[in-house]
Amino acid sequence: MPRSLERAVVLLALLGPVPARAETVEVRMLTRGEHGSMVFEPDFVALRPGDTIRFRVGQRSHNAAAIETMGPAGAPRFKGRIDEEVEVAFDRPGFYGVKCSPHLGMGMVMVVRVGEAELPPDFADETLPARAKARFREILARANAGP
Ligand SMILES: [Cu+2]
């Protein structure tokens, strides 16, 4: 074994396995974003289990809340107040739908994918307002996660 490689192997052995650090991703809640009005930016986020999203007030009068019917079974639910910045840790693999409560009818939603999850065929809640369903279809198509 060449000497430099030998040294690298010794160093790696000393360091041991490096655990993946949990990350925090920022999502802004916006009345007018680059891609339209009433949006989360970004509106699709892929996380590793244990990562966190910090929902930031980009413009006022929005919140971030879990859509209870759109998430893996047993996943924690959350609901921020209007103009509240919340941090949510996503531990459980799967797809999650997130809404802004007052603007769900205007299609203010986003998708979070945690881990190597497959999109469940019944992910879209058919009882949601039409504009929310349309926005979900658009996000999932863009993210190449659609059925
Ligand atoms: Cu809103």
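How much of the chain, with its 147 residues, counts as buried? The share is 37%, where buried means under 20% relative accessible area, exposed means over 50%, and partly exposed is in between (1.4 Å probe, protein chains only). The model is a predicted one, so local features need pLDDT of at least 70 and side-chain atom pairs count only at pLDDT 80 or more, while totals for chains, interfaces and linings use all residues. Residues are numbered from 1 along each chain as its sequence is written, and side-chain values use heavy atoms, with hydrogens and water left out.

Now for the overall layout. The chain holds two helices and eight strands; these are DSSP runs (helices H or I, at least four residues; strands E, at least two), numbered from the N terminus. Going along the sequence, the order is α-β-β-β-β-β-β-β-β-α. If contact is taken as heavy atoms within 4.5 Å, then 65% of the contacts with a separation of 6 or more are between residues 24 or more positions apart.

Next comes the inside. In soluble globular proteins, nonpolar side chains tend to be buried together. A nonpolar core here is a set of buried Ala, Val, Leu, Ile, Met, Phe, Trp, Tyr and Cys residues joined through side-chain atoms within 4.5 Å. The largest such core has 22 residues, and F40, I53, F55, F90, M110 and V112 have the most contacts inside it. At least two core residues come from each of β1 (24-33), β2 (36-41), β3 (44-47), β4 (51-57), β6 (86-90), β7 (94-99) and β8 (109-114). Leaving aside neighbours within four places in sequence, I53 touches a whole list of residues, including V25, V45, L47, V88, F90 and M110. Another core, of 13 residues, lies apart from the largest one; M70, V109, L128 and L140 are among its members.

Then there is the metal. The copper ion is held by H62 (ND1), C100 (SG), H103 (ND1) and M108 (SD), at 2.0 to 2.6 Å. Donors are N, O and S atoms within 2.8 Å of the metal (3.2 Å for Na, K and Ca), and water is not among the atoms, so sites may look incomplete. The angles among the four donor atoms run from 93 to 132°, making the site tetrahedral; for four donors, that label requires all angles to lie between 85 and 135 degrees. Along the sequence, the donor residues follow the spacing H-x37-C-x2-H-x4-M. H62 sits in the loop between β4 and β5 (65-66) and C100 in the loop between β7 and β8, so this pair, 38 residues apart, links distant parts of the chain. H62 and C100 are both buried. H103, in the loop between β7 and β8, also counts as buried because its relative accessibility is 12%.

In α2, the buried residues are A132, K133, R135, F136, I139 and L140. They cover an arc of only 160° around the axis, so they lie on the same side of α2; the arc is that of the directions from the helix axis to the C-beta atoms. These buried residues pack against β2, β3, β7 and β8, whereas A130, R131, R137, A141 and R142, on the other side of α2, are exposed.

Technical notes
Tetrahedral: all angles 85-135°; square planar, octahedral: opposite > 155°, others 65-115°.
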